[in-house]
Amino acid sequence: MTDSFEARGDFSPETTETISDLEINVIPDFTSDEPVVAATSLEAIAPVPNGFVKLGLAKELLQAVADMGFTQPTTVQLATIPKAMQALDADPKAPKFTDLLVSSQTGSGKTAAFLLPVLHTLLKQQEEAERNERAEFERLSAEAIARGEAPLKKPKRKDPTNMRNFKAATPGALILCPTRELAQQVCADAIDLVRHCRGLRVANVVGGIPYQLQIAKLQNADLVVATPGRLLDLQRSMQIKLDQVQFLVVDEADRMLDLGFADDLTEVNQLTIERK
């Protein structure tokens, strides 16, 4: 998915007012024989359903959004998220993603509009991969037992910070931002959203940070938020591979071009050309 988002925004502000329990008080109306109801009890007020649930997002993301105090998606989120969600049960040969160009006012919620569908898809793919891996392990273990051998043992998790275990990062999603500050903010938003997602890792790649620290944080990253210069530096030194990227998001695309990143964007597009 190649998305262009011109500005960063947050979620829709909470619109539901907090109402304390009220009793039904009848105020006499001296001009009418009928009483006037001044207030009703809280039980009589129907709760507003969570609008994010209707979008079909994973329960882990819904919980994170609720923790942040938001219940209703903004207009840009309602228009974008369903179109950006991958059809996991679609024909494998058919294109799975839709290219989107989104323009909306600052503060309208564009950051969540691209983060939520990206994280949802990565999470669902991770769950499917874990199911397949578990089924394969159980099959091989059963075969070993049938041969009279000891059941297989799960391999120990390797320390990703140990250079002996180094493996170039192969993220499934990439978000490009024109400045370090914006990239760090988008990364912070993504981390807030994956707080309940076990094993889904987010990494930030920007200038001004020591290379070794960023290389360590890149290990096993599923989503990378980056500025173009540092990203391409790490790609050229084989610290990160971009051929597995499925989502490419260009945040504040107009500003990116104004700052002279056209050639870098073209190169990143070519490096992620296999996305569908």
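What share of the 276 residues in the protein chain is buried?

**View 1. Overview of the predicted model of the protein chain.** Buried residues account for 41% of the 276 residues, and the chain is built with eight helices and eight strands.

**View 2. The largest nonpolar core, with 36 residues.** Leu-115, Leu-116, Ile-175 and Leu-223 are the residues with the most contacts inside this core. At least two core residues come from each of α1 (59-67), α3 (110-146), β5 (173-176), α4 (180-193), β7 (223-226) and β8 (247-251), and the largest share, eight residues, is supplied by α3. In soluble globular proteins, nonpolar side chains tend to be buried together.

**View 3. The surroundings of Ile-175.** Leaving aside residues up to four places away in sequence, Ile-175 touches Phe-114, Leu-115, Val-186, Leu-223, Val-224, Val-225, Ala-226 and Val-249.

**View 4. Another core, of 23 residues, lying apart from the largest one.** Its members include Leu-176, Ile-240, Val-250 and Met-256.

**View 5. Arg-230 and the ring of Tyr-211.** Arg-230 lies over the face of Tyr-211, at a distance of 4.0 Å from the ring centre. As for pairs between aromatic rings, a search of the whole structure finds zero of them.

Methods
Residues are numbered from 1 along each chain as its sequence is written. This is a predicted model: local features need pLDDT of at least 70, side-chain atom pairs count only at pLDDT 80 or more; totals for chains, interfaces and linings use all residues. Side-chain values use heavy atoms; hydrogens and water are left out. Helices (H or I, at least four residues) and strands (E, at least two) are DSSP runs, numbered from the N terminus. Buried means under 20% relative accessible area, exposed over 50%, partly exposed in between (1.4 Å probe, protein chains only). Rings of Phe, Tyr and Trp (its six-membered ring) pair if their centres lie within 6.5 Å; planes under 30 degrees apart count as stacked, over 60 as edge-to-face and the rest as tilted. A charge sits over a ring if NZ of Lys or CZ of Arg is within 6 Å of the ring centre and within 35 degrees of the ring normal. A nonpolar core is a set of buried Ala, Val, Leu, Ile, Met, Phe, Trp, Tyr and Cys residues joined through side-chain atoms within 4.5 Å. Contact means heavy atoms within 4.5 Å.
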